[in-house]
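Please keep the structure open while reading.

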Amino acid sequence: MNARRPVLLDLRDLSKSFTARVGLRSAKVSAVDGVSLALRQGGTLGVVGESGCGKSTLARLVVGLIAPDAGEVVFDGTRMPAGQKRPRRVVRDMQMVFQDPHSALNPRATIGEAVGFPLRVQGTPRREVSERVDEVLTQVGLHGNYRSYYPHQLSGGQRQRVNIARALALRPKLVVLDESVSALDKSIQAQILDLLRTLQDTYDLTYLFISHDLNVVEYMSDEVAVMYLGHVVETCSAHDLYRRPLHPYTKVLLASIPKIDPRQRSTERNLASGEIPSPIDPPSGCRFRTRCPFATDHCSAVRPEPVEVEPGHWVACHLYPSPGTVVEPPRRLDATY
Amino acid sequence: MAVQAFSAQPVKPTREEHDMTAAISVPDGATVEELRAAWWEADHGADARPFWTEVGRRFVANKAGVAALVFLLLLTSSAVFAPWIVRADPLVGVATDRLLPPFSPGHLLGTDEQGREMLARLVYGGRLSLATGFVPTAFATFIGTCIGVWAGYKRGISGTILMRTMDMLYAFPAILLAIAIGASLGAGALNSMIAVTIVFIPPIARIAESATRQVAIQEYLEASRLSGAGTLRILRTQVLPNVANQILVYASGLVGVAMLIAAGLSFLGLGSQPPTPEWGYMLNSLRDTIYSAPLLTVLPGLMIFLTSVAFNTASDALREAMDMRLA
């Protein structure tokens, strides 16, 4: 739907690892490894994966809270300097809504102060700050009178509305939503998701929507990227992903959604065996190979590159060789599920 | 309650004025939209009490804390307005009136070993004694907070160096360190205050550092960094308000300790110099007469004890008043 619009955010080969202490030795934890994604203006890119797959690290790399080890973030045609302060224009254009509505608000600041803080930092005059705070609070469904409340007087859903208001105060182009509804009850989740969609139209926002909840991602996203242990394994439109998943991991992930209709329930219990491996010293080659039922020696030797199997549907798996190679994708894959 | 139109600058009712139970009037068979609009109109919100207002309200409810505070205020004002309270000169005595017991005619609390009016010396002595309690604590709180907040927020090499230096100072017993610093600086009231300040910086820096570390992992700090705010602004607006109460509670308990250490230094001859009255020094000079005039000797010690207890009680009350759930 947004195919004609320009690319707003372009991630090129982003990598980030952290140093962790294991006993007396220090080890590298590879959180995000060689992630390339593009996001068109006005669209929503969903990022799904299990906990620990590097989703939140990716979010923080995008907004510049942490600096990448390698690769680059290109926003609105400008390359972001790694490890340095970003230009003011970019700070205003890129905001984030955090996961935990309780810890994302300063308990000693009123709602008005919290929402007005980014404006004040960016040097907006007091009078305009006050007007803008009222305007944006109203837009997220909170009365302007709530500005004198303290966070502990609000419910979780109200706080998340305040967080959204704070992110929108500067009228950004891109909003990174890092598990922004995960901490909320289902009924409140629905309200907040609807609010996010309305605001997307009002402000012409571009969302990077990060969640472990597959249903929520399907509802919100135009395109979805599936992450596994710091790698992006599959990227395609939300419609295709949920109806024609190609990567073995995606199939496992989708099979894990509880079905309401018992006839649709999967009888296959152990599609992928075992736990997600530790990101310290991750598996070589394809990182999913330790749990993949179709893994071969080739998978441990070579990291699969993303291949456009169908138009707009990219998969990083040796089962889908790049055009030119002769190997047939095994038929039994589709038969199994 | 009148329905209030929503404007950019709403006039908010205070908590007391706001009628939380006021019914929203809607016609029968109203649609969801109408109900929502009516709710929106009626939802004024209420003024929240700021943190410090609430702390004050809770502190006043604590009788022991208020009593201690009143005692301290009386003591402080008596020290400040000493010349208007006692006529006698605290420095000049009458040699023939030495060691008069308390309640002697003309000398309510008796006279000391040089025939000086005891009441005058206690009231004037409060000036220096209270100053040695407040001044080092205030300076140590300021310096310790700066060090601790910086180290807790920045961590890294600068933070490690700062905190390990604090640990080194902290390894010495407080009174021993104060004596060592006081002795190397030389005797005098100012030097004893400097010594106590140095002794108090490490524990306050530690409290500030651990409080800051707890705040530093909160998402609202990331949010403020995302707004493009600089380090100093983040420390001032986001970190300091959230660590101030822990530091204040701890520091208020230190005032009494500071007085004790300063009195100890004076007692050892490292603090205020004669003939300036100071409770610790008075205790020292009256030490020789403890068998001939025990009541007199007890008086300065009693003052130190009462003041110290009052500070600790007030500090406890402050901690209880601040101990509310805010997150």
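In this predicted model, Glu310(A) sits opposite His313(A), a residue of β12(A). The strands β11(A) and β12(A), the latter covering residues 313-315, run antiparallel and are joined by three bridges.

Both strands belong to an open sheet of chain A. The sheet has eight strands, ordered β6-β7-β8-β3-β9-β10-β12-β11, with mixed pairing. β6 (94-97) and β11 (307-310) of chain A each have a single partner strand, so each leaves one side without a neighbour in the sheet. On average, neighbouring strands are turned by 20° against each other, direction ignored.

Two helices of chain A that pack on this sheet are listed below.

| Helix | Strands touched | Angle between directions |
|---|---|---|
| α1(A), residues 55-63 | β3 (44-48), β6, β7 (174-178), β8 (206-210) and β9 (223-228) of chain A | about 155° with β7(A) |
| α9(A), residues 248-255 | β3, β9 and β10 (231-237) of chain A | about 100° with β9(A) |

Next comes a helix pair. Two packed helices are described by the angle and the distance between their axes. For α3(A) (residues 111-121) and α4(A) (residues 126-139), the axes come within 9 Å and cross at roughly 125°. The two helices are therefore oblique to each other. The crossing of α3(A) past α4(A) is right-handed.

On the α3(A) side, Gly112(A), Val115(A), Gly116(A), Leu119(A) and Arg120(A) make the contact. α4(A) contributes Val129(A), Arg132(A), Val133(A), Val136(A) and Leu137(A). By class, this contact has six nonpolar, two polar and two charged residues.

How values were computed
Residues numbered from 1 in each chain as written. Chains lettered and ligands numbered in written order. Predicted model: local features only at pLDDT ≥ 70, side-chain atom pairs only at ≥ 80, totals over all residues. Axes fitted to C-alpha atoms, helices over the stretch in contact; angles between N-to-C directions. Helix = DSSP H or I, 4+ residues; strand = E, 2+ residues; numbered from the N terminus. Parallel < 35°, antiparallel > 145°, perpendicular 65-115°, else oblique. Left-handed = near helix turned anticlockwise from the far one by under 90°. Contact = placed C-beta atoms within 7 Å. Nonpolar A, V, L, I, M, F, W, Y, C, P; charged D, E, K, R; others polar. Pairing = 2+ DSSP bridges.
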